Amino acid sequence: MVYYVLTEFLQKGERIMEKTNYETENVRQRNYTPWVVTLSIAINLIVAILFFMPKADRFDHWDLTFLPMLNAIFNSFTTVFLLAALYFIRRKNVKLHRRFILAAFATTALFLITYLIYHSLAESTPYGGEGVLRAVYYFILITHVVLAAVIVPLALFTLARGLNMQVEKHRKIARWTMPLWLYVSITGVLVYLMISPYY
């Protein structure tokens, strides 16, 4: 459901942008705020509920560890797509920037789907490391989780301003969104690499 709504949202944005150039006067302004607020609340609420929800015993015999690996793969692709989007916007290639941003949203949506499936079926795996590595792991994990919750509305608002071709507003918020989103996607991979030996 979330993937379907997000896909529709992105496809609509792609159609709007393909009909226009990089000038704001040619774009009909749309109010994406209700979508952004609804998706942000829904995604973060679902993740929070799954964290506290008891897991069904009937899936205990299934090996679900491929799902966290998929999460890390999707996060890796998101990182690559974001870096490519950053590269192209610095060269003022808006068309390729937009395509890589939409690709980053697609892999993030796929990450979200596999993340929700895994955490709805399996208990969280405790980290088994000790000493300094344990402290590093929990620092990365906590900052990753907190910023992942923040990045949902931030990325959606940034996208909405881009779709409406509100160039200055888009740039101002993107200065925060891009590094935070990169941090979240990179630390998602690091969390997986650190905890994967304990699955």
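Where does UniProt place the feature "transmembrane region"? The unreviewed entry puts it at residues 32-53, 65-88, 100-118, 138-159 and 180-198. Those positions follow the numbering used here, and such annotations may be inferred rather than shown by experiment.

Ground rules, quickly. This is a predicted model, with local features needing pLDDT of at least 70 and side-chain atom pairs counting only at pLDDT 80 or more, while totals for chains, interfaces and linings use all residues. Residues are numbered from 1 along each chain as its sequence is written, and side-chain values use heavy atoms, without hydrogens and water.

Two of the spans, then. Residues 32-53 are 91% helix and 0% strand, with end C-alpha atoms 31 Å apart. Residues 65-88 are 96% helix and 0% strand, and their end C-alpha atoms lie 35 Å apart. Helices here are DSSP runs of H or I, at least four residues, and strands are runs of E, at least two, numbered from the N terminus.

Now a helix pair. Helix 4, residues 94-121, packs on helix 5, residues 132-163, at about 150°, axes 12 Å apart. The two are therefore roughly antiparallel (angles over 145 degrees count as such). Ile 101, Leu 102 and Phe 105 of helix 4 make the contact with Ala 155, Leu 156 and Leu 159 of helix 5 (heavy atoms within 4.5 Å).

Last, the rings. The whole structure holds ten aromatic pairs (ring centres within 6.5 Å). In one, Phe 105 and Trp 181 have centres 4.9 Å apart and planes at 70°, so the pair is edge-to-face (planes over 60 degrees apart). Phe 105 sits in helix 4 and Trp 181 in helix 6, residues 167-195, so the pair ties together parts 76 residues apart in sequence.

Conventions: Axes fitted to C-alpha atoms, helices over the stretch in contact; angles between N-to-C directions. Parallel < 35°, antiparallel > 145°, perpendicular 65-115°, else oblique. Phe/Tyr/Trp six-rings, centres within 6.5 Å; stacked < 30°, edge-to-face > 60°.
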